[in-house]
Amino acid sequence: MSTDKWTADETAVHFQGRAPEYIARAEKAAAHPFAMATLPMPLGGAQNLLEAAWWLIEKKGRPQRVLDFGCGCGQFFKFFTTGLGITSYRGLDASEPAIAAANKIWGEYFRVMDLRMYPARAPLKKADLAFCHGVLMHLPAAAAQTTATLMRLTAPLQMVIEMTRPRPEDNLAPHIFIHDYTKLFGTMILKSPLNEYKDIFIFENPKRQVTGD
Ligand SMILES: C[S@@+](CC[C@H](N)C(=O)[O-])C[C@H]1O[C@@H](n2cnc3c(N)ncnc32)[C@H](O)[C@@H]1O
């Protein structure tokens, strides 16, 4: 798909239109007990996220601060806080209705930010882990690169869950871009047994420690 046809606001407008669907998903997550033995249910394509997160914690220690890039209505808030015991969570998204809903459902942990505007809207507080699920695949190469850079600068560890195969028919998003994530992040990819899943990537910036500022 040509990136020429992509217009700056198209993605955000599309998701504003789908806000009720994302709100419903977040409310479902809010009602979920998140017992650690069970996989959180409404996680879209991230079926192996729990396994990936525990692998990461075992290897690198439990992150204290997570930043969720393109967080939507915050369907992962409870996963990180109640589920993984991460004490500080912040979510960022360009969609105002999504952020308004997230703040209503979970508390004031979310703020509106268009990731393409970096560095104009920076600085962001540093985190241990930058997380992103199903966002970069909606952004063309330049915007995805900007976001990847922002994530890399913000946290020493980045967990990226994005589609690496062509769009399934039931995905109605106007644009799906399949990026080369190892190229986009340019940091060290942590070799995990999860690599076989192909859509979960964990990167480490070797210049920063997990406990760094
Ligand atoms: C498929 S949804 C995924 C939402 C969330 N990560 C989840 O898994 O529920 C894509 C999200 O990316 C957000 N998004 C798209 N372009 C963005 C941008 N330029 N800056 C910030 N967020 C953006 C949309 O508003 C939408 O909430």
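Predicted model: local features only at pLDDT ≥ 70, side-chain atom pairs only at ≥ 80, totals over all residues.
**Overview**

I started with the whole chain. I counted seven helices and seven strands in the protein. From the N terminus, I read the order as α-α-α-β-α-β-α-β-β-α-β-α-β-β. I then checked burial and found that buried residues make up 40% of the 213 residues.

I followed the strand pairing next. Strand 1 (65–69) and strand 2 (residues 88–93) pair in the parallel sense, over five bridges. In that pairing I noted Val-66 opposite Tyr-89 of strand 2. The link from strand 1 to strand 2 passes through helix 4 (residues 77–83), and I logged this β-α-β crossover as right-handed.

I moved on to strand 3 (residues 110–112). Strand 3 runs parallel to strand 2, and three bridges join them. One partner pair I looked up is Asp-93 with Val-112 in strand 3. From strand 2 the chain goes through helix 5 (residues 96–106) to strand 3, again in a right-handed β-α-β crossover.

**Helix 6**

I checked the length of helix 6 (residues 141–154). At 1.5 Å a residue, its 14 residues should span 20 Å, and I find its end C-alpha atoms 20 Å apart, which agrees.

Which residues of helix 6 are buried? I listed Ala-143, Ala-144, Thr-147, Ala-148, Leu-150, Met-151, Arg-152 and Thr-154. An α-helix has 3.6 residues a turn, so residues three or four places apart point the same way. I then asked what covers the buried residues of helix 6. The cover includes strand 1, strand 4 (129–133), strand 5 (157–161) and helix 7 (181–185).

**Gln-145**

Gln-145 and Arg-116 are 29 residues apart in sequence, yet 9.2 Å apart in space, C-alpha to C-alpha.

**Ligand shell**

I finished at the ligand. I found 20 residues around the ligand, and Gly-70, Gly-72, Ala-94, Ser-95 and Leu-115 come nearest. By class, I sorted the shell into eight nonpolar, nine polar and three charged residues. Which element gives the most to the shell? I have helix 1 (residues 10–17), with three residues.

Technical notes. Residues numbered from 1 in each chain as written. Helix = DSSP H or I, 4+ residues; strand = E, 2+ residues; numbered from the N terminus. Expected span 1.5 Å × (residues − 1). Buried ≥ 20, exposed ≤ 12 C-beta atoms within 10 Å, placed from the backbone. Contact = placed C-beta atoms within 7 Å. Near = placed C-beta within 6 Å. Nonpolar A, V, L, I, M, F, W, Y, C, P; charged D, E, K, R; others polar. Pairing = 2+ DSSP bridges. Right-handed = clockwise from strand over helix to strand, strands pointing away.
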